[in-house]
Amino acid sequence: YAGIYTDSLYGAATVTVEGGRIMLRRGEWYGPVEYWNGTNFRWTVPNNPIGQPPFIKFDITADDRVTGFYFGSGADQPFFRRKADETRARTPESPR
């Protein structure tokens, strides 16, 4: 999952793995991405101005590559595309 993702309207987001946890940074927002189900996660941001933690749905191809993620809830769910040089197959040693 780790990599840099971009959306033409919302800008860049960075996913990292720190201490075994998936973390997401988008602008000033930074917090853990916690597994929900399937390829869905919830992003917990301290002092979240939108209330409920937003959902993150990773888009994963049949050959196990993460191409991006959908962010948000309701009708507004932009797709953050993974930068081309960041797309790679998952190995046991490295998170998607």
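The model is predicted; local features need pLDDT of at least 70 and side-chain atom pairs count only at pLDDT 80 or more, while totals for chains, interfaces and linings use all residues. Residues are numbered from 1 along each chain as its sequence is written, and side-chain values use heavy atoms, with hydrogens and water left out.

**View 1. Strand β1 has side chains that alternate between two faces.** Buried means under 20% relative accessible area, exposed means over 50%, and partly exposed lies in between (1.4 Å probe, protein chains only). Strands (E, at least two residues) are DSSP runs, numbered from the N terminus.

**View 2. Strand β1 pairs with β2 and with β8.** Two strands pair if DSSP finds at least two bridges between them. With strand β2 (residues 11-18), β1 pairs in the antiparallel sense over five bridges. Asp-7 has Gly-11 as its bridge partner in β2. Three residues lie between β1 and β2, which form a hairpin. Strand β8 (residues 79-82) runs antiparallel to β1, and two bridges join them. Here Thr-6 has Arg-81 as its bridge partner.

**View 3. Two salt bridges are found in a search of the whole structure.** A salt bridge is a side-chain nitrogen of Lys or Arg within 4 Å of a carboxyl oxygen of Asp or Glu. Side chains of opposite charge can pair when their charged atoms come close. Glu-34 lies in strand β4 (residues 29-37) and Arg-21 in strand β3 (residues 21-26), so the pair ties together parts that are 13 residues apart in sequence. Glu-34 is partly exposed at 35% relative accessible area, and Arg-21 is partly exposed at 42%. Another salt bridge joins Arg-65 and Asp-63 (3.3 Å, N to O). Arg-65 is partly exposed at 30%, as is Asp-63 at 48%.

**View 4. Thr-44 lies in the loop between β5 (40-43) and β6 (55-60).** Thr-44 is partly exposed, at 32% relative accessibility. Not counting residues up to four places away in sequence, Thr-44 touches Gly-31, Pro-32, Glu-34 and Pro-53; contact means heavy atoms within 4.5 Å. The C-alpha atoms of Thr-44 and Phe-55 are separated by 9.3 Å.

Definitions and conventions
Helix = DSSP H or I, 4+ residues; strand = E, 2+ residues; numbered from the N terminus.
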